[in-house]
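Please look over the sequence and the model before reading on.

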Amino acid sequence: MNAIQKNRCQCATLELTVHNHPGVMSHVCGMFSRRAFNVEGILCMPANGGDRSSIWLKVRANGRLEQMIKQLTKLEDVVEVCRHDADHEVFLRLEDFFRV
Amino acid sequence: MIQRTGAQTIVELLERQGVTIVPGIPGGANLPLYDALSRSKRIRHVLARHEQGAGFMAQGMARATGETSVCFATSGPGATNLITAIADAKLDSIPIVAITGQVPGSLIGSDAFQEVDTYGMSIPVTKHNFLVRSARELLRVIPDAFRIAASGRPGPVLIDVPKDVQTEVIEFESWPEPGRADPSPAVDALDVARAADMINESQRPVLYIGGGAVCSGAGEAIRRLAEKACIPTTMTLMGLGAIPVDHPLSLRMLGMHAARYTNMALEDCDLLIAAGVRFDDRATGKVAEFCPTAKVIHVDIDPSELDKIKSAHLGIEGDAREAVEALLPQVHKSGRTKWMDHVGRLKAAYPLVAAASGGPLSPHRLVRTISELLKRDACVATDVGQHQMWVAQVYPFNRPRQLLTSGGLGTMGFGLPAAIGAALAHPGDPVVCFTGDGSLLMNIQELATAAEEASNVKVVLMNNNSLGLVHQQQNLFYGNRIFGSDYVCHVDFLKVAEGFGVPAFDMGQPDSQHSALEQALSLDGPCLIHAPIDVGTQVLPMVPPGAANRDMIGGENGHTHHSVPQHAATVPA
C-alpha cells in the first residue's frame, strides 16, 4: 500500500482467535453493530484443527479503536485479539477478488 | 455411571449450584424441564404470571442477595417476554441465568410453532449466551453460565435448550464442580500509589460511587476512606446505600435529579474519585462539562469502562473493594477544613427542597413517613418514574443492596416482581415497593403471584393517573402540550387489588392516613397502599436532558438563596 492509499483509509487490521462454533460470528458482528463500530472488511476461517477460528477484521483506526479492542476482548468466545498495521498482507492479497 | 436425561441434568446441576428458588412459566418446549423440576426436593418453583415477571423476580433475588439467580421460560413468546428483564439485568450488571426451552433441534430453522431465534435475539442483551446442542454439553454449559454471570462485572447469561436435548439420556462418570466467579485481577500497586498521591495532593476531592461498589461490597471501605481523608461522597442511583445516604460526608445522589448542592460540589471539585461507575448521562449531564476542573481517578472491574465516556487521568482496572482497601493505608488523614466548610455552606444554602404539592399527599413526606415506620434496613424496590426519583432523593438508605431499582434500562414494571423476588430471598422481612400507576399497570398480574406466595410485599402506589415523568417533561420542555401521558380511564386500584385477593388501603382520606399506613405495614403478606398524588407535583430540581449539571431547573430554596455569595466566587483554593 502506498502513502496515498494509507491516507485514504486510516485502517488497522485485527486478528481474532475465537472458539469455533455456530454463533461466534453473530457475537462479533452483533457487537460491532450494537456499538456502532464500522468494519471495512471481514474474513473468517477455521484454524487449529477446527476447535478455533481466526477472524480477520479491517477496521478504521480512529479514536474508538481502543474501545473496540476492549469490547472484543470482553466477548466470552474471543480468546485473543492481536492488532496489526493496515498494510498487513491478509487483506491486500484479496483486493483482486473485490473488483467490479 | 450416572444416567440422566438432559432435563434431570439441568435440575441437578442447579441444585449443586445452590439454587433453591426458580421463578418461571412452563410451556410446550420446556415441559421435560418442568417434569424434572417437579421431582426436585431442593428447588421450589414460583409460578409467575408473565415471563417478564419471572425475570424480574430472579433479578430481585439476585439484587437483594448478590447471588446468581435463575428463571425459566418456554420457547417463542416465553423467551421474547423474558428479553426485557434480561436487558435490564445487562444494563445494571445483575447476575442471572435464564434457561429457555427451544423447539427440537430437528425443527430449528423451520419456523416451527413457538420457534424464535432466542440465541440470536439475546446476543446483544446478555453477557453471554448458549444454544445447547447435546445433553452432554450441559455438564460444561451450566457451570460455565454461573461462572460467567458472577465473574468480573456480573451480568445475565441465557441458555437455550431444545426439547430433544432435554429428553436425551446421557451417561457420565461424575458431576462437574459448580461454576463460581473467577478471582478478580489484582489491582496494580503502582496505580494505587499514584491514586493515593493524587488524593493526598487534592484540595477538593469527591468520591463518586456506583453499582460496582455495591456489587463488590466496597461500601465499608469507602466509608472509611471518606472519613479518614474527609472526602464528600456522592452516589449514583445504583450506588445509593453504598454508604448511608444521611452520613455527614454523603452528598446523596448526583445528576439529573440531584439536590442543587450535590451538583454544585461536583462542579467545584479538583479530584473525582470514581469507583464502580460508568459515567451514565443521567449522572453526568453534558459530559464535557462534568466536573470541569477535576482530575479523574476511575476504578472499574470492566476495563472497557475506563476511558469509554470520560478519559481518566488514572484508570485502575480492578475490584472496587480491593482497590479502596489498598488505598486506605496510603491515604493521609486530613481535615480539609476549607473544602468541608465550602461543602457545608453549599448544603445549607442549596438543600433539597420538598416537592411542592397541590394534592392531598406530598410524595417526599410519604416516602419519609414510610421509611420511619420501617426498620432502617428494610428492602425497598421501586418502579420507574417520578416516584422512583422521589424515593432516590429522600429515602434514608442505610446499607448496600437495600434499594432495588431499574437504573440503566429504566424499565417500568420492574418494581412489583423485583420486590416479590427480594421477599422470596428474605422471607419474613417486609419489602416495600414504591410504584406509580403507569408502572404498576405494566406488571400488575404479578399481584396474583404475590398473593399465591403470601409475599410480604407492601406496594405503595403513588397514583396521579398519568405517566408522571413524561407529563413533567411535556410541561417543562414541550410547551405544556400534554399528549399521551394522561390516563382518561382512572383505574380503581383498590378493587383491582381486592380482585387479586390482596388487601388494599386508601390514603385518600386525610384524617386516617397515618393509621391506614401503620395498619398496612404491620400486616403479614402482600398489600396495596393507594396514595393519590397531584399530577402537577414535579421531580425537582431537574437538569434538562443534554444540559450540563449546573443548569438545574427548580427546587430552589428561596429563603436562604440570597444570603449566600455566588458559589463560584467562594471556592477555596
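**Charged pairs, an interface and one asparagine**

In chain B, the side chains of B:Arg223 and B:Glu220 come together in a salt bridge, with N and O 2.7 Å apart; the term stands for a side-chain nitrogen of Lys or Arg within 4 Å of a carboxyl oxygen of Asp or Glu. Both B:Arg223 and B:Glu220 belong to helix H10 (residues 219-229) of chain B, where they stand three residues apart, about one turn of the helix; helices (H or I, at least four residues) and strands (E, at least two) are DSSP runs, numbered from the N terminus. B:Arg223 is partly exposed at 21% relative accessibility, and B:Glu220 is partly exposed at 45%, where buried means under 20% relative accessible area, exposed over 50%, and partly exposed in between (1.4 Å probe, protein chains only).

This is a predicted model, in which local features need pLDDT of at least 70 and side-chain atom pairs count only at pLDDT 80 or more, while totals for chains, interfaces and linings use all residues. Residues are numbered from 1 along each chain as its sequence is written, chains are lettered from A and ligands numbered from 1 in the order in which they are written, and side-chain values use heavy atoms, with hydrogens and water left out.

Side chains of opposite charge can pair when their charged atoms come close. Over all chains, a search of the whole structure finds 25 salt bridges. One of them joins B:Arg49 to B:Glu452 at 2.5 Å, N to O. B:Arg49 sits in the loop between strand E3 (44-47) and helix H3 (51-65) of chain B, and B:Glu452 in helix H19 (residues 446-453), so this pair ties together parts that are 403 residues apart in sequence. B:Arg49 is partly exposed, at 32% relative accessibility, and B:Glu452 is also partly exposed, at 47%.

A further salt bridge links B:Arg153 with B:Glu305, whose closest N and O atoms are 2.8 Å apart. Because B:Arg153 lies in the loop between helix H6 (138-150) and strand E7 (157-162), and B:Glu305 in the loop between strand E13 (295-300) and strand E14 (314-317), the pair ties together parts of chain B that are 152 residues apart in sequence. B:Arg153 is partly exposed, with a relative accessible area of 22%, whereas B:Glu305 is buried, at 6%.

How much area do chain B and chain A bury between them? The figure is about 1,100 Å², 50% of it on carbon and sulfur atoms, buried area being the accessible area (1.4 Å probe) that two parts lose on being put together, summed over both. On the side of chain B, B:Ile123, B:His128 and B:Ser304 lose the most area to chain A, together 38% of what that side buries. The contact, meaning heavy atoms within 4.5 Å, takes 15 residues from chain B and 12 residues from chain A. Across this interface the rule finds two salt bridges, and the side chains of A:Glu76 and B:Arg147 meet in a salt bridge at 3.4 Å, N to O. Strand E6 (128-131) and H6 of chain B each supply at least two residues of the side that touches chain A.

The last stop is B:Asn263, in helix H11 (residues 260-268) of chain B. B:Asn263 is buried, with a relative accessible area of 2%, and its side chain reaches the backbone oxygen of B:Gly255 at 3.0 Å. Leaving aside neighbours within four places in sequence, B:Asn263 is in contact with residues including B:Leu254, B:Val543 and B:Met552.

Notes. A polar contact is a pair of N or O atoms within 3.5 Å; within protein, one must be able to donate a hydrogen and the other to accept it, and residues adjacent in sequence count only if both atoms are side-chain atoms.
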